Amino acid sequence: MSSDLRTGRHCMFLMHVHLVFVAKYRRKVFTKPILDDLETIFSKVCNDFESELVEFDGEHDHVHLLVHYPPKVSVSKLVNSLKGASSQRIRKRGYPSVQQALWGGSLWSRSYFAGSCGGAPIDVIKKYIEEQNTPN
């Protein structure tokens, strides 16, 4: 775990977010080659944000990402860049499954899931804070 700690000028951090993106209309458009391309695209976008794509995989209609990111990065801005860049590049490559099932310029549904993860469980942190020696 300590090897995952990163440092900034004035902080140490270990922040991960679990992201789930769903294909527009929940269409089953993703194939293994598309998922491979998405992983490469997502990794490059993460690098631009000084973040790391730790894990990636997906099914026919959605993908999961685990991203290690610094505190200066807004998750919503990261998500917008990940979805925007991937949509543009995947649609430009002309995959038949995408062209046949989706129209317009969108690859992704507008919604997404983002969950913080890593570190100690919430109950452990809550108990630790509760047990602090509050001054009188």
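Trainee: What makes strand 3 and strand 5 a pair in this predicted model?

Mentor: They run antiparallel to each other over seven bridges. Pairing takes at least two bridges, so they count as paired. Along the way, histidine 16 stands opposite histidine 68 in strand 5.

Trainee: Why are strand 4 and strand 6 called edge strands?

Mentor: The open sheet has four strands in the order 4-5-3-6, paired antiparallel. Strand 4 and strand 6 (108-117) each pair on one side only. On average, neighbouring strands in this sheet are turned by 20° against each other, ignoring direction.

Trainee: What lies across strand 3, strand 4, strand 5 and strand 6?

Mentor: Helix 1 does, running at about 160° to strand 4. Helix 2 packs on the sheet too, touching strand 3, strand 5 and strand 6.

Trainee: Which residues touch the most other members of the largest nonpolar core?

Mentor: Among its 31 residues, those are Phe30, Leu38, Phe42, Val63 and Leu65. Helix 1 gives the largest share of this core, seven residues.

Trainee: What makes Leu107 a contact of phenylalanine 30?

Mentor: Contact means heavy atoms within 4.5 Å, and Leu107 is on the list for phenylalanine 30, so it qualifies. Also on that list are residues including Leu38, Val63 and Trp108.

Definitions and conventions: Residues are numbered from 1 along each chain as its sequence is written. This is a predicted model: local features need pLDDT of at least 70, side-chain atom pairs count only at pLDDT 80 or more; totals for chains, interfaces and linings use all residues. Side-chain values use heavy atoms; hydrogens and water are left out. A nonpolar core is a set of buried Ala, Val, Leu, Ile, Met, Phe, Trp, Tyr and Cys residues joined through side-chain atoms within 4.5 Å. Buried means under 20% relative accessible area, exposed over 50%, partly exposed in between (1.4 Å probe, protein chains only). Axes are lines fitted to C-alpha atoms, for helices over the stretch in contact, and angles run from 0 to 180 degrees between N-to-C directions. Lists of a residue's contacts leave out its neighbours within four places in sequence.
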